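Hi there,

I am passing a structure over to you, as promised. Please have a look at it first; my notes follow below.

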2 protein chains.
Amino acid sequence: MNIRPIILRGSAIVAALLAATPALADTHIDNIEGISVNRDGSIDRFAGMVVDEDGRISELLDFGDRPTRDIEYRVDGEGRVVVPGFVDGHLHLMGLGLGTLVLDLSQTNSLDEALSRIAAYAAAYPDRPWIIGRGWNQERWGLGRFPTAAELDAVVPDRPVWLERVDGHAGWANTKALEAGGVTAATTDPSGGRIERAAGSRAPSGVLVDAAMPLVNDAVPPPLPEDRDLALHNAQSLLLRHGITAVADMGTTVEDWMTFRRAGDAGRLQVRVMSYADSVDSMLLIGGPGPTQWLYEDRLRLNGVKLYLDGALGSRGALLNADYEDDHGNRGLPLLSGTQLRNLMSRAALDRFQVAVHAIGDAANRDALQAIEELSGDYTGDHRWRIEHAQIVDPADLPRFGRHGIIASMQPVHQTSDMFMAEARLGAGRLGGAYAWRSILEAGGTLAFGTDAPVEPVDPLAGLAVAISRTNADGEPAGGWRPQETITREQALAAYTAGAAYAGFAEGRFGSLAEGERADFVMLSADPLMASPQQIRDIRVLETWIAGQRVYDFALD
Amino acid sequence: MNIRPIILRGSAIVAALLAATPALADTHIDNIEGISVNRDGSIDRFAGMVVDEDGRISELLDFGDRPTRDIEYRVDGEGRVVVPGFVDGHLHLMGLGLGTLVLDLSQTNSLDEALSRIAAYAAAYPDRPWIIGRGWNQERWGLGRFPTAAELDAVVPDRPVWLERVDGHAGWANTKALEAGGVTAATTDPSGGRIERAAGSRAPSGVLVDAAMPLVNDAVPPPLPEDRDLALHNAQSLLLRHGITAVADMGTTVEDWMTFRRAGDAGRLQVRVMSYADSVDSMLLIGGPGPTQWLYEDRLRLNGVKLYLDGALGSRGALLNADYEDDHGNRGLPLLSGTQLRNLMSRAALDRFQVAVHAIGDAANRDALQAIEELSGDYTGDHRWRIEHAQIVDPADLPRFGRHGIIASMQPVHQTSDMFMAEARLGAGRLGGAYAWRSILEAGGTLAFGTDAPVEPVDPLAGLAVAISRTNADGEPAGGWRPQETITREQALAAYTAGAAYAGFAEGRFGSLAEGERADFVMLSADPLMASPQQIRDIRVLETWIAGQRVYDFALD
């Protein structure tokens with residue numbers, strides 16, 4: 001993509017604030033309602049903290065306590081609620097950033113609205129060789145089918161158009177894009193992928209699912225390095241605005257990693273990044289003989305690798321134990337065979353790289369659990385095997401999350417986004433282990449919560465609201481969807497902070513407000529442990545601090 | 001390669017010394033015969049220096065001078081000669097290091113001796129799936145032809161054997177290796193490469209030249225990351241032992257770069273590395289929108305890209321304006337077309353990446369000079385276009401080195417290694433601009449000297465001796481080969497220090513002993529500005545210091 005720079009508003013402010021905040025000085029942050037949350041959900045409260053010149057917490061102070069020594073610089077917290085910075089246990093950092101540079105269709109509510117936005121965008125950027133976008137969702141549109149190339153051709157006939165579905169598991173092309181990708185009636189479906197065809201014909205109808213997406217995607221001009229740097233900048237601005245101070249980046253490419261390092265080398269990496277490479281090859285190239293060090297004062301580490309075992313529910317790519325209720329004969333698309341999965345997991349675990357397995361359907365989750373159990377015999381010690389999403393689990397498999405230190409890396413908002421679709425895909429009888437964070441926690445599993453941005457909005461507070469209520473922004477369904485799976489506010493906050501940090505081997509560095517940890521915290525407009533789900537959604541992030549430096553201020557945004 | 005670690009001796013010593021030398025303290029190095037050389041060959045002498053806690057020179061002291069303030073730590077130089085650390089303007093860092101892990105044939109003097117070493121090595125390592133080696137030279141053996149697969153089969157029939165020629169421009173395979181590479185009588189010569197054939201047959205005889213080498217080379221198991229880390233460690237030990245404190249790495253792969261970064265991140269990168277990527281793709285992946293920052297306190301920077309325009313004289317791959325004297329009808333193998341060269345140079349120069357063009361034959365040098373002249377119109381400013389080797393230049397082209405700030409990156413020892421071969425390849429009448437460092441300097445070009453290790457030994461003092469005498473270690477030919485091209489000791493030392501640093505945009509950081517530069521220096525057993533060529537070859541590096549830290553001590557080696 002050769003894209004005109006779109007610099008998000010927060011960025012200049014961040015730079016200005018950084019300059020205004022004293023660096024390398026001990027700081028006393030006073031007059032706050034501090035909340036420290038531990039991984040088990042236990043809570044400590046405090047009224048002030050002292051941050052040393054390395055950005056670490058050296059003292060937590062009760063109300064009325066004075067620091068044990070004179071601190072030159074004092075910040076008055078004005079009585080605000082302070083919680084640890086949110087740790088996003090699963091997102092796509094460069095996808096989030098590059099998404100700020102392309103057409104965003106995620107808020108469109110009908111096909112017509114989407115087509116009208118696409119037409120306007122193409123008219124606004126006549127020089128761009130491709131029109132790239134993302135975020136469409138035919139379910140949200142109530143379309144009842146995938147959109148078509150012909151519909152796109154009607155608004156952009158002259159250039160390729162390539163638009164990723166909201167979940168990243170399908171792409172929508174116009175005819176020019178299908179041509180650029182060489183997709184014709186003669187093209188067979190690649191293994192693990194599907195080319196949607198016109199009814200009664202082999203002609204491609206415009207949508208490519210999962211492993212068929214690269215047919216067109218590989219023809220898209222790659223982003224320029226300058227675009228990548230700008231994308232990372234924009235992504236950080238978005239994250240800081242939402243109080244996220246650390247992330248697990250799922251599927252880091254070598255290009256992504258180089259972008260992170262450029263930012264780190266230049267002092268432009270603010271958000272802490274726990275990286276999971278997009279392949280074992282990338283993992284070995286980046287890490288070499290093992291995970292990297294923690295670089296840039298705990299701001300970057302390659303932890304391991306992300307492996308994709310199945311697709312998503314929306315595109316019916318998730319691997320199920322039985323047929324899709326709304327697509328008989330289809331049980332999803334395996335992206336790795338059982339043998340491939342085990343070989344890749346072994347290669348990673350051999351050198352103590354961490355393994356994060358994407359598993360959405362109940363068959364994928366069962367296979368991931370089975371593989372972990374098999375490998376745990378050979379690879380003992382603290383591996384913190386991660387299962388990403390763990391959306392649909394057979395209830396019989398839920399107890400297995402309590403063994404071998406498994407981490408369930410879940411994104412609460414998927415539950416409210418997907419609940420009606422999940423009922424359609426699976427039928428009510430197969431949802432006993434769906435988005436089952438409480439059952440997993442009670443089985444002894446470790447929860448790490450995340451947003452899955454840009455698949456879902458960058459909004460950890462919305463995630464907290466869902467986790468404790470199983471209701472969406474409209475408060476629906478009344479009483480919550482399968483409300484037996486709600487957890488407490490404290491448990492949810494832990495999963496979004498200390499739990500997600502632990503899931504990336506970052507405990508003791510960040511994720512809690514405790515002596516010796518980095519002073520990463522947010523000031524909120526209300527106490528999320530006291531608020532209703534709706535009130536939690538309305539909480540504002542007033543300030544975000546990383547390593548004792550204010551990096552976002554709502555008042556200036 | 002899965003190779004048993006071979007840790008060079010110097011390494012443990014280096015670690016011990018590092019621990020013994022006080023870090024982060026001002027140091028007064030006293031009682032030395034200091035020589036500071038400027039890029040123009042002018043010399044300043046001094047008797048002491050003060051190094052600050054960042055490893056930079058804060059004061060140079062004359063005899064009898066005291067530092068302007070009290071310095072807690074004093075080192076007695078015992079009257080030793082101190083010169084700037086050597087800057088190697090052209091070598092292959094990982095090749096040098098990986099070479100320490102494979103069979104070294106560079107000292108063999110006959111085919112029989114080589115075969116006997118290969119047999120012994122294979123017997124010593126029965127578990128290695130491949131026998132890998134380098135350094136053979138059929139010219140040194142007086143063989144008059146390339147060796148054959150059959151000769152290798154006689155000593156190692158059971159496993160693939162793959163041995164690179166001393167100049168890296170040809171490889172010698174046994175039958176198993178040819179099979180692994182799929183090289184048969186039916187294989188056609190790839191563009192830019194040649195498969196040697198048995199006389200009167202199309203059957204491959206065992207040697208693959210230039211662009212044919214990947215046929216087998218790509219089948220060799222790649223080194224493990226652990227091997228790469230060990231290789232870099234060993235390479236640094238070799239360099240420090242020879243007083244080299246900074247290098248230009250020519251042809252850095254992404255894997256190499258990751259190895260450098262791992263070392264830098266872990267504080268194991270001692271030698272300063274100016275990196276030139278092996279392709280424009282690698283350059284863009286590593287550098288992104290431009291050259292990287294100077295990383296790790298001036299120890300690593302991606303400057304630009306190395307482009308290969310032709311091969312070498314030994315394998316008759318160098319591009320000549322007329323036929324090889326000893327191979328009529330052959331003018332060498334172009335590795336890039338003129339258009340390709342200009343496109344790649346443009347892409348690099350556009351983002352201020354530096355371009356280093358490998359050019360050995362007179363036709364390649366002419367094309368490189370021509371391309372620089374054409375591009376200098378569009379890409380103005382300080383580009384420091386580099387021509388690597390510049391071995392055979394048409395005398396009519398020599399003045400062109402004085403324009404557009406061109407740097408001739410030359411390796412003096414090639415002159416004595418190649419002189420008789422060059423006469424055979426070109427005939428006496430076409431050597432008017434051969435290894436013509438004096439003419440290039442007088443034309444106004446900038447010289448950067450290097451070793452080209454591992455193609456030649458890691459020995460800058462031998463390079464100095466050649467540069468001023470044009471004689472080899474035996475003092476031959478008497479009076480020097482084309483002695484009108486000798487330069488002064490001061491000019492040669494400048495090309496091996498300040499000149500090579502300038503050639504990598506490092507002036508002001510290292511390469512001279514001057515206030516504000518890093519305190520990188522060597523203590524020598526004699527003054528190279530006063531010694532005869534033979535005495536220069538016998539000078540010992542007694543100590544090597546980088547950033548005011550002693551990193552090599554001959555007394556402990």
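How many bridges join strand S9 (residues 161-165) of chain A to strand S10 (residues 170-173) of chain A? Three bridges join them, and the two strands run antiparallel. Within S10(A), Gly171(A) is the bridge partner of Glu164(A).

Before going further, some housekeeping. This is a predicted model, in which local features need pLDDT of at least 70, side-chain atom pairs count only at pLDDT 80 or more, and totals for chains, interfaces and linings use all residues. Residues are numbered from 1 along each chain as its sequence is written, while chains are lettered from A and ligands numbered from 1 in the order in which they are written.

**Sheets and hairpin**

Helices (H or I, at least four residues) and strands (E, at least two) are DSSP runs, numbered from the N terminus. Two strands pair if DSSP finds at least two bridges between them. In chain A, six strands make up an open sheet with mixed pairing, in the order S7-S8-S9-S10-S12-S11. Its edge strands, each pairing on one side only, are S7 (103-104) and S11 (193-197) of chain A.

Chain B also has an open sheet of six strands, ordered S7-S8-S9-S10-S12-S11 and mixed in its pairing. There, S11(B) runs antiparallel to strand S12 (residues 204-210) of chain B, with four bridges joining them; Gly193(B) has Asp210(B) as its bridge partner in S12(B).

Elsewhere in chain B, strand S1 (residues 27-37) and strand S2 (residues 43-46) are antiparallel and joined by four bridges. Ser36(B) has its bridge partner, Asp44(B), in S2(B). The hairpin of S1(B) and S2(B) has five residues between the strands, and in it Gly41(B) takes a positive phi near 90°.

**Two chains**

Chain B superposes on chain A by a rotation of 180° with 0.0 Å of shift along its axis (RMSD 0.0 Å), using least squares on the C-alpha atoms of residues with pLDDT of at least 70 in both. The two copies are thus related as by a two-fold rotation axis. The same surface serves both copies, as 100% of the contact residues of chain B recur in chain A.

Contact here means C-beta atoms, placed from the backbone, that lie within 7 Å. Chain B and chain A each bring 19 residues to the contact. On the side of chain B that touches chain A, the elements giving two or more residues are helices H7 (225-241), H8 (254-265) and H9 (280-287) of chain B. H8(B) gives the most, with six residues.

Which residues of helix H9 (residues 280-287) of chain A are buried? They are Ser282(A), Met283(A), Leu284(A), Ile286(A) and Gly287(A), where buried means that 20 or more other C-beta atoms lie within 10 Å of the residue's own, with C-beta atoms placed from the backbone. Their cover includes H7 and H8 of chain B, along with helix H8 (254-265) and helix H10 (338-350) of chain A. Just after H9(A), Gly288(A) takes a positive phi of about 70°.

Not counting residues up to four places away in sequence, Leu309(B) touches residues including Leu335(B), Val357(B) and Asp367(B).

Best wishes

Technical notes:
Two residues are in contact if their C-beta atoms, placed from the backbone, lie within 7 Å. A residue is buried if 20 or more other C-beta atoms lie within 10 Å of its own, exposed if 12 or fewer, and partly exposed in between; C-beta atoms are placed from the backbone.
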